Amino acid sequence: MPKLEKPMSMINNLYDSEGEHSFDLKIGTTSIGRGPGNDIQIKDLSVSRNHAKILREGENLFVVDLGSKNGTWLYGHSLKSGQKFEIQEGDTIAFGNALVSEDRGRLLVHFQDHNAINLSPQKDENDNTLLSVERRGSNRENMELIYKLCLTLMQTQDVKEICEKILRSVLLCLKRIDSGSILVLDSETGELREISNHVRKERDNAEINYSKAVVNETFSSNKAIIMTDICKEDDYKLCNEIKTIGAKSIISVPLISKMGTVGVIYLHSVSSGHGFRSDDPFFVSALSTPAALAIENALLHARSKQAENDLRKARDKLELDVKNRTLELVTANNKLKELSFTDGLTGLYNHRYLMERLEAEYHRAKRYNHGLALIMIDIDHFKKMNDSFGHPCGDLIIKNIASLLKKNIRNTDLVARYGGDEIAIILPETKKSTAVEVSKKLRQKIEVHPVTCKNRTVKVTASIGVAAIPTDGVENWEGLLHAADNALYQAKNAGKNLVAVYSPVKGVRS
C-alpha cells in the first residue's frame with residue numbers, strides 16, 4: 001500500500017466551525033459523493049456523484065478515490081483512483097470544495113467559507129469546457145517547476161528580481177489568471193509594499209490591481225484566501241472592494257519564512273469566474289515557501305549591504321572627522337607654537353625665539369665659514385614719548401617701527417623684539433660691511449617715517465648697533481649678542497639716530 005508523507009506545513013486551521021457537519025463511521029465502507037445513494041451526501045458541484053469511500057478495518061481507516069472528476073486530496077497529494085491510503089486521526093481529506101477530517105471515529109465535514117482554500121473550481125453541470133480545455137499538469141511537473149524556480153531564485157539576491165521571476169512563473173503556469181502582485185513587508189514602515197506586478201498583455205480588460213482588504217487579511221491571519229467564483233460568494237466584507245476592482249476569482253497566499261510572514265502573493269482573474277484549476281492553490285502554496293525564503297534571504301542581504309554601507313559611511317565620516325580634527329589640532333598647535341615664539345604686540349618673533357635662532361645661525365655660520373651679522377635697534381627718547389603721549393601711543397610707535405623693519409629686510413633675515421623698545425635683526429650669510437649698509441638704510445627709513453598718534457605727528461628716530469663674525473673677541477653667539485648690544489649703546493652715547501659698529505679695542509670693549 002502506498003504511503004504519503006505529511007508535508008512540513010499542513011493546511012491546518014484554515015477552516016472554522018461554520019458549515020461543519022459530523023457523521024459516525026460504521027464498520028466497513030462509508031461512501032461519499034454528491035449522489036443520493038451515498039452514506040455521506042455532499043451536495044456540491046465540485047464533488048462527483050460517487051466520489052470516494054472510507055474503509056474502517058478495525059481501528060484503521062483508509063480512503064479510496066473512486067475516479068472522481070476533481071480528485072481526492074490528502075496531505076496536498078492527489079490520490080490515485082482505486083488505491084487505499086491510510087488516514088490518521090486529525091488528517092484532513094479534500095473532496096472537491098469540501099474538507100473531511102477524522103476525529104475519534106467520526107467524520108467532520110467542513111464546507112467552503114471565505115477563509116478556506118477552495119480545492120477545486122465549481123463546475124457547472126452543463127459546462128464541459130472549464131476543466132477540459134486546459135492540460136492539467138502533474139504533481140511531478142509542478143515539483144520540477146518549483147525546483148527549477150528555486151535554483152533560479154538562488155542566483156539573485158535582489159528582492160524585486162525575485163518577485164518578478166516568481167510572478168512570471170506563476171502566470172506562465174496559471175493560464176486563467178489575468179494579473180498578479182507580490183507585496184513585501186517594509187520593516188521600517190510596517191506596511192505591505194507592492195514590489196512586483198504583472199498583467200497579461202493579450203487581455204485588454206486585465207488591470208494591474210489588487211484587493212488590499214484580501215491582501216491585508218491574508219497577511220494578518222497567515223491564511224490563504226481562495227475565492228473560486230466571487231459571484232457565488234456569500235455577502236462578505238471583502239466583496240465590495242473585490243467587485244470594485246472587477247475580480248472574478250482570487251488566490252491570495254501568505255509568504256511565510258523563518259522570521260515570520262514577509263509578504264503575500266496575490267493573483268486574480270477579471271475575465272471570468274473559476275480562474276484556476278483544482279490543484280492550482282496547492283501549486284501556489286507549495287511555491288510560497290521557497291519564494292518566502294528567497295525573499296527573506298534577499299531582505300537579509302539587502303539589510304546586510306545597507307549595514308555595510310552605513311558602516312562604511314560612518315567609517316568615512318569618522319576618518320574625515322579625525323582628519324579634520326587632526327588638522328584643527330595641528331593648526332592649533334602651530335598657532336600655539338607661533339604664539340610661544342611671537343610677540344603679542346608687534347607680531348615679531350619674541351626674545352626666546354631670537355635666542356634659539358641666533359645660536360643656531362651662529363653654529364651654522366661657523367661650520368660652513370659663512371658670515372653672520374646682528375643688528376640691535378633702540379627707539380630714541382622712547383620713555384619720554386611714552387610718558388608724554390601715553391602707553392597706547394608708545395605701543396603704536398613700536399608696532400609701526402616693527403612693520404617698517406619687516407618690509408625692508410630679506411625673507412631670509414629674522415627680525416624679533418628683544419625687549420621693551422629694542423628690536424634685533426639676524427642677517428645670515430652677511431658680512432659686516434653689508435650689515436652696516438642695511439642698518440644705515442633702516443635708520444633713514446625710520447627717520448622719514450613719522451607716526452600719527454592722537455591727531456599728532458610724532459617724529460621717530462632710532463639708534464643702531466651692528467656686530468658681525470668673524471670678529472676678534474667674539475667666540476660664541478652670546479658674544480655676538482653682547483657685541484651688538486655694546487655697539488648700540490655706543491651709538492646712543494654718541495648722540496642717538498646713529499649707526500655704530502662693534503670694533504674691539506685691546507683690553508677695552510665699548
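1. Contact here means heavy atoms within 4.5 Å of each other. With that in hand, look at Glu429 in this predicted model: leaving aside residues up to four places away in sequence, Glu429 touches Arg364, His370, Gly371 and Leu372. Glu429 sits in the loop between strand S19 (422-428) and helix H9 (432-447). Its C-alpha atom is 9.6 Å from that of Asp413, and the two residues are 16 apart along the chain.

2. While you are in that area, have a look at Asn369. Its phi is near 60 degrees, a positive value in a residue that isn't glycine. Asn369 belongs to the loop between helix H6 (351-368) and strand S17 (372-379).

3. Next, helix H5. It runs over residues 280-341, 62 residues in total, and spans 88 Å from first C-alpha to last. At 1.5 Å a residue you'd expect 92 Å, so to speak, and the span is close to that. H5 does bend, though: about 30 degrees at Ser288, with a proline, Pro290, following within four residues.

4. How do H7 and H8 pack, and at what angle? Helix H7 (residues 382-389) meets helix H8 (residues 391-407) at about 135 degrees, and the axes are 6 Å apart. Angles over 145 degrees would count as roughly antiparallel and 65 to 115 as roughly perpendicular, so H7 comes out oblique to H8. On the H7 side the contact involves Phe382, Met385, Asn386 and Phe389; on the H8 side, His391, Cys393, Gly394, Ile397 and Ile398. Sorted by class, that makes six nonpolar residues, three polar and no charged ones.

5. On to the aromatics. Counting rings whose centres lie within 6.5 Å, there are three aromatic pairs. One of them is Tyr210 with Tyr266, an edge-to-face pair with 6.2 Å centre to centre and 65 degrees between the planes. Tyr210 is in the loop between strand S13 (192-199) and helix H3 (212-221), while Tyr266 is in strand S16 (residues 260-269), so the pair ties together parts 56 residues apart in sequence.

6. Last point: which residues does the cis peptide bond join? Ile469 and Pro470, with omega about 0 degrees. Pro470 lies in the loop between strand S22 (462-469) and helix H10 (477-493).

Note on methods:
Residues numbered from 1 in each chain as written. Predicted model: local features only at pLDDT ≥ 70, side-chain atom pairs only at ≥ 80, totals over all residues. Heavy atoms only, no water. Helix = DSSP H or I, 4+ residues; strand = E, 2+ residues; numbered from the N terminus. Expected span 1.5 Å × (residues − 1). Bend = angle between axes of the 7 residues up to and from the residue. Axes fitted to C-alpha atoms, helices over the stretch in contact; angles between N-to-C directions. Parallel < 35°, antiparallel > 145°, perpendicular 65-115°, else oblique. Nonpolar A, V, L, I, M, F, W, Y, C, P; charged D, E, K, R; others polar. Phe/Tyr/Trp six-rings, centres within 6.5 Å; stacked < 30°, edge-to-face > 60°.
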